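Biologist: I'm new to this one. Can you put it on screen and walk me through it?

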Amino acid sequence: MLFRSTAAFRHTTDITPEFLKKNNIRGLILDLDNTLTTHDNPQPGEGVLEWLQLMKESGIKMMIVSNNHGPRVKPFADMLGLDFVSEGKKPLTKGFTEAVKLMGLSKKEVASVGDQIFTDVLGANLFGIKMLYVVPIEHEKTTFFKVKRKLEKPFLPKKYIEK
């Protein structure tokens, strides 16, 4: 189903190299806001830097794909030493296509990591890659996001993989 993830985790940092290896995942397309940090925060969330280092040491390729504009994404990606695609137009497949090509991997070797059903999950499924859903770091306060999060509820995962 278009709104269902392949697997779900409470935190991005709960995704392990062992899980990725077991599922033949060699590359991750990472969402930015509420996946790696909170909205408009220039610093990574708790444990994210260590997690990224572990992934790099495990040979996992990673890229950020965000619907945000370059001035938001570039400084964050540069700080983490990751390539990125800004204005990824999720759930359309533009950003996913660009990321997979830049990583030099096949679609079957890549998974997307994100917190939104109607952008990240739908986009990964439309593109035909695995989707690793993560619970948002914090809930947004704008009316737009409150409505969006309410509409997502029927599609939220029922089971989460624990670290």
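Modeller: Let's start with a helix. The cover over the buried residues of α3 includes α2, β3 and β4 (83-85). Helices (H or I, at least four residues) and strands (E, at least two) are DSSP runs, numbered from the N terminus. Cover here goes by contact, meaning heavy atoms within 4.5 Å.

Biologist: What kind of model is this?

Modeller: It is a predicted model, where local features need pLDDT of at least 70, side-chain atom pairs count only at pLDDT 80 or more, and totals for chains, interfaces and linings use all residues. Residues are numbered from 1 along each chain as its sequence is written, and side-chain values use heavy atoms, with hydrogens and water left out.

Biologist: Which residues of α3 are buried?

Modeller: G70, R72, V73, F76, A77 and L80. Buried means under 20% relative accessible area, exposed over 50%, partly exposed in between (1.4 Å probe, protein chains only).

Biologist: What sits over the ring of F76?

Modeller: The charged end of R72, 5.6 Å from the ring centre. The rule: NZ of Lys or CZ of Arg is within 6 Å of the ring centre and within 35 degrees of the ring normal. K107 has its charged end over the ring of F127, 4.5 Å from the centre.

Biologist: And what follows α3?

Modeller: G81, with a positive phi near 70°.

Biologist: Switching to α6. Which of its residues are buried?

Modeller: In α6 (residues 143-152), F145, K148, R149 and E152 are buried. Down the axis of α6 they stay within an arc of 100°, so they line one face of the helix. The cover over them includes α5 (117-127).

Biologist: What does the face turned away carry?

Modeller: The exposed residues T143, K146, K150 and L151.

Biologist: Now the core. Which residues touch the most other members?

Modeller: In the largest nonpolar core, of 26 residues, they are L20, L28, L30, M62, I64 and L132. Such a core is a set of buried Ala, Val, Leu, Ile, Met, Phe, Trp, Tyr and Cys residues joined through side-chain atoms within 4.5 Å. Elements giving two or more residues to this core include β1, α1, β2 (27-30) and β6 (130-134). Another core, of 20 residues, lies apart from it, with A8, F96, F127 and Y160 among them.

Biologist: What does L132 contact, beyond its neighbours within four places in sequence?

Modeller: Its contacts include F9, F19, L20 and L28.

Biologist: How many aromatic pairs are there?

Modeller: The count is 6. Rings of Phe, Tyr and Trp (its six-membered ring) pair if their centres lie within 6.5 Å; planes under 30 degrees apart count as stacked, over 60 as edge-to-face and the rest as tilted. F9 and F19 form an edge-to-face pair, 5.2 Å centre to centre with 85° between the planes. F9 is in strand β1 and F19 in helix α1, 10 residues apart.

Biologist: Are those two buried or exposed?

Modeller: F9 and F19 are both buried. F118 and F155 have ring centres 6.1 Å apart and planes at 75°, so that pair is edge-to-face. F118 is in helix α5 and F155 in the segment after α6, so the pair ties together parts 37 residues apart in sequence.

Terms used: Arc of directions from axis to C-beta.
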